[in-house]
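Subject: Structure handover

Hello,

Here is the structure I promised you. Please open it before you read on. My notes follow below.

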Number of protein chains: 2
Amino acid sequence: METTLIKTLYQQAQHGDDQVCVLGWLKTIRTAKKLSFLEVNDGSSLKNVQVIVEKDIANYDEITKLPINSTVKVTGQVVDTPKAKQPFEIHAAELSVKGQSDSDFPLQKKRHSFEYLRTQAHLRPRTNTFYAVFKIRSLAAFAVHQFLQEHGFVYVNTPIITSSDAEGAGDMFQVTTLDLNNLPKTEAGKVDESQDFFKKETNLTVSGQLTAEAFALAFRDVYTFGPTFRAENSHTPRHAAEFWMIEPEMAFADLQAEMALSEKLLKYVVDYLMQKAPDELAFLDANVDDGLLVRLKKTSQADFAQITYTKAIELLEKADRSFDYPVKWGIDLQTEHERYLSEEVYQKPVFVTDYPKGIKAFYMRDNPDGKTVAAADLLVPRIGELIGGSQREERQAELTKKIGEFDLNPAEYQWYLDLRKYGETKHAGFGIGFERLLMYVTGMENIRDVIPFPRTPGNAEF
Amino acid sequence: METTLIKTLYQQAQHGDDQVCVLGWLKTIRTAKKLSFLEVNDGSSLKNVQVIVEKDIANYDEITKLPINSTVKVTGQVVDTPKAKQPFEIHAAELSVKGQSDSDFPLQKKRHSFEYLRTQAHLRPRTNTFYAVFKIRSLAAFAVHQFLQEHGFVYVNTPIITSSDAEGAGDMFQVTTLDLNNLPKTEAGKVDESQDFFKKETNLTVSGQLTAEAFALAFRDVYTFGPTFRAENSHTPRHAAEFWMIEPEMAFADLQAEMALSEKLLKYVVDYLMQKAPDELAFLDANVDDGLLVRLKKTSQADFAQITYTKAIELLEKADRSFDYPVKWGIDLQTEHERYLSEEVYQKPVFVTDYPKGIKAFYMRDNPDGKTVAAADLLVPRIGELIGGSQREERQAELTKKIGEFDLNPAEYQWYLDLRKYGETKHAGFGIGFERLLMYVTGMENIRDVIPFPRTPGNAEF
């Protein structure tokens with residue numbers, strides 16, 4: 001008899017006492033006088049199916065002693081139970097054990113702290129919370145791909161190992177095949193990088209943007225979606241050493257077009273999740289973050305606000321509260337400022353545009369005022385900055401000047417300048433930290449809890 | 001006036017002399033007595049649109065001197081030209097220059113070698129060949145996601161930085177934040193790894209499979225799709241240091257189920273490309289590999305063959321030709337053997353199953369014969385091995401024994417053993433080298449030509 005997925009059973013409105021066969025894992029077992037109640041899950045659904053096993057089944061004694069996580073095959077009748085908590089249950093005619101489990105499973109039924117569950121990262125997807133989170137992670141990733149492909153964007157796998165320091169955007173991990181206990185040296189006594197795998201120093205990428213721009217100038221609309229790295233010794237709930245970034249890049253687009261697309265993309269992902277993961281979102285709303293569903297609906301329906309950085313500073317200066325980091329024109333906004341603007345002033349996502357050039361990357365386009373650049377960050381409740389975008393400096397002369405002002409090595413950026421030398425095309429793009437997005441759509445408060453096997457200082461287990 | 005994509009113009013069957021506005025890059029210009037012929041491309045389509053500019057246009061002199069790659073905005077009438085090479089052309093009423101280009105573009109109209117174009121990796125997507133290849137790369141990636149998501153698979157981002165040596169599958173890149181010119185030492189004079197970012201030695205992953213298995217035992221069907229790394233000093237057209245892998249993993253599945261799914265997935269990708277990239281495939285068939293379309297159709301339509309390794313050795317021993325690597329039971333098949341089987345014996349993709357355990361990874365399930373394991377490689381014409389799969393050893397005792405036989409450190413694999421300790425569930429999976437797949441579906445012969453910015457020994461440019 002063919003196996004039916006538990007997901008499929010839940011999708012059927014009525015069951016009419018059909019015979020079915022389910023193959024899954026035993027999640028809980030409760031034994032009463034004449035029968036046992038088993039909860040079985042097969043991974044296809046957050047929800048388990050309840051299985052009733054009566055005492056007269058041949059291997060009843062074996063069944064009642066089964067440790068959780070054992071693999072079982074249940075054949076029986078699906079019976080609708082409109083008055084019970086679960087909409088249907090299976091009355092087992094046969095239950096066979098397909099795989100054993102030891103009985104000392106470290107995740108017992110009581111609630112474990114997320115801290116403890118991180119030490120069991122190989123087992124935590126079996127809990128409801130992490131099942132919901134990682135299912136949403138998968139669906140959100142696909143929603144991003146689907147939205148961008150439907151809009152004609154070409155997916156580019158930009159390199160992970162790089163010899164450029166990208167935007168000088170923070171500390172990097174070095175990649176090497178040299179034997180650290182037996183390093184080759186130059187005559188001057190330095191490490192001889194010419195003997196390394198790539199014959200020079202290489203690092204893990206901090207952003208795929210610059211190389212993505214090369215593709216935008218051939219394909220018009222492109223995006224990256226891959227891992228990026230920061231070797232910052234940050235021990236906050238918001239920082240991981242390894243995380244995924246989505247970086248769309250659009251030729252012929254200005255800052256307004258960039259913001260319009262990022263708003264559309266974010267709304268698409270939220271709508272996709274509300275449609276495809278209602279059980280998971282409801283579970284997280286009930287157990288992790290009781291404002292989650294309200295926030296997602298608002299994100300889907302509200303028109304995002306838009307203000308300039310200068311206006312944002314005014315609002316912060318007028319705020320009826322104090323901040324840990326003092327506010328004045330020229331500062332980089334801190335999370336507390338970003339959250340105040342999106343949570344208290346606008347109570348929805350808000351784009352802040354035209355930041356001072358000194359606090360933004362060299363590749364952003366100078367505004368005519370000489371002081372600001374065509375940048376736009378999207379600030380959202382609970383998270384702060386979720387998306388960072390800008391119009392890129394497409395003018396060859398201006399970009400050359402900026403590279404000088406930022407003390408970058410022109411030779412290293414020659415290929416990037418070539419993109420302007422052979423086509424000064426207006427273009428713009430943005431980056432979304434995928435894990436920030438996941439924290440926003442799951443309500444999880446620690447980035448370590450939205451990454452399957454998180455990497456943070458001192459932690460690279462599994 | 002709103003901009004129309006060139007792709008949209010090609011999708012329309014008739015144009016009826018509509019007024020349109022196109023924004024794109026000048027690809028070629030040819031000037032005759034009374035008019036000029038421009039080819040313009042906007043990245044949305046492999047095909048350019050031809051623009052006719054007559055001498056009486058105000059800035060005609062400026063136009064005729066425009067270097068290629070300049071950004072232009074054309075407004076005019078689309079006129080169907082059923083008798084000409086191109087199905088329609090635009091008669092320009094206005095043509096304005098939106099971005100300048102220098103005139104020394106290194107890719108001139110003559111054909112460049114792929115070797116030369118690799119040195120111009122930031123510009124080569126602007127050529128027809130690489131436009132086609134990277135468009136197909138994007139579509140193939142999406143087809144993989146779409147097929148697996150539609151089949152209920154959960155996408156898992158397995159870690160890139162790892163402290164395990166996975167299957168011992170080849171040389172790895174070390175990841176460090178230590179200053180190589182000033183390494184901290186232990187009292188014994190060795191590098192003090194406890195001072196490194198992760199407080200131990202870490203490397204770039206060679207496979208996400210083992211961690212994906214942890215997720216398959218919670219979600220049933222999962223897959224990874226991300227970058228993997230090999231620090232092998234290989235200078236062949238088939239090896240890159242950085243490449244992407246697709247690794248589906250299925251609980252409750254055996255080797256036959258694994259093969260069935262991989263065949264279905266491969267056919268889905270091929271069908272998707274034939275539907276979504278007909279121009280690109282036709283271009284590659286005409287210019288790169290004239291057997292491409294025939295091979296893809298066959299892949300889509302044929303039932304893949306299936307033989308055991310033992311049978312494959314017999315066929316190779318009986319072959320009416322000699323091989324560089326001598327054939328006998330127990331050897332690892334070489335590309336020449338794999339290609340002979342798929343190209344000459346079966347003339348289509350063929351699964352080879354049940355390899356000798358000594359040449360396969362520790363995690364593969366031992367067959368009852370004591371000599372072979374439940375492995376299956378898919379061999380395809382022109383490439384050789386495209387997919388490697390196996391049923392995993394789910395039996396706790398047998399896996400413990402295998403870890404010993406392979407001289408692996410049991411402590412390091414305890415978490416992997418836990419997956420069996422808490423649920424001995426039959427499961428299977430496979431890995432597809434994404435670039436091998438791309439070489440198969442594009443006809444490109446060098447892996448460096450299907451990766452946007454390839455990394456090979458001595459080469460990490462851009």
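Is B:Thr372 buried or exposed? B:Thr372 is buried, because its relative accessible area is 3%. Buried means under 20% relative accessible area, exposed means over 50%, and partly exposed lies in between, with a 1.4 Å probe and protein chains only.

First, the ground rules. This is a predicted model, in which local features need pLDDT of at least 70 and side-chain atom pairs count only at pLDDT 80 or more, while totals for chains, interfaces and linings use all residues. Residues are numbered from 1 along each chain as its sequence is written, chains are lettered from A and ligands numbered from 1 in the order in which they are written, and side-chain values use heavy atoms, with hydrogens and water left out.

Around B:Thr372

B:Thr372 sits in strand β14 of chain B, which covers residues 372-380. (Strands are DSSP runs of E with at least two residues; helices are runs of H or I with at least four; both are numbered from the N terminus.) The side chain of B:Thr372 makes a polar contact of 2.6 Å with the side chain of B:Asp369. A polar contact is a pair of N or O atoms within 3.5 Å; within protein, one must be able to donate a hydrogen and the other to accept it, and residues adjacent in sequence count only if both atoms are side-chain atoms. Beyond its neighbours within four places in sequence, B:Thr372 is in contact (heavy atoms within 4.5 Å) with several residues, including B:Trp329, B:Tyr355 and B:Arg365.

Now its partner. B:Asp369 lies in the loop between β13 (350-356) and β14 of chain B. B:Asp369 counts as partly exposed because its relative accessible area is 44%. A polar atom of its side chain lies 2.7 Å from the backbone nitrogen of B:Lys371. B:Ile432 is 63 residues from B:Asp369 along the chain, and their C-alpha atoms are separated by 28 Å.

Two residues with positive phi

A:Asp17 is not a glycine, yet has a positive phi of about 60°. A:Asp17 is in the loop between α1 (6-11) and β1 (19-31) of chain A. With a relative accessible area of 41%, A:Asp17 is partly exposed.

B:Lys199 is not a glycine either, and has a positive phi of about 65°. Its loop runs between β8 (174-176) and β9 (202-204) of chain B. B:Lys199 counts as exposed, because its relative accessibility is 55%.

Chain A as a whole

Chain A has 13 helices and 16 strands. Its C-alpha atoms fill a box of roughly 85 × 60 × 45 Å, taken along the principal axes. Of its 462 residues, 61% are buried. Take the contacts in chain A with a separation of 6 or more: 67% of them join residues 24 or more positions apart.

The same surface serves both copies: 100% of the contact residues of chain B recur in chain A.

Best wishes
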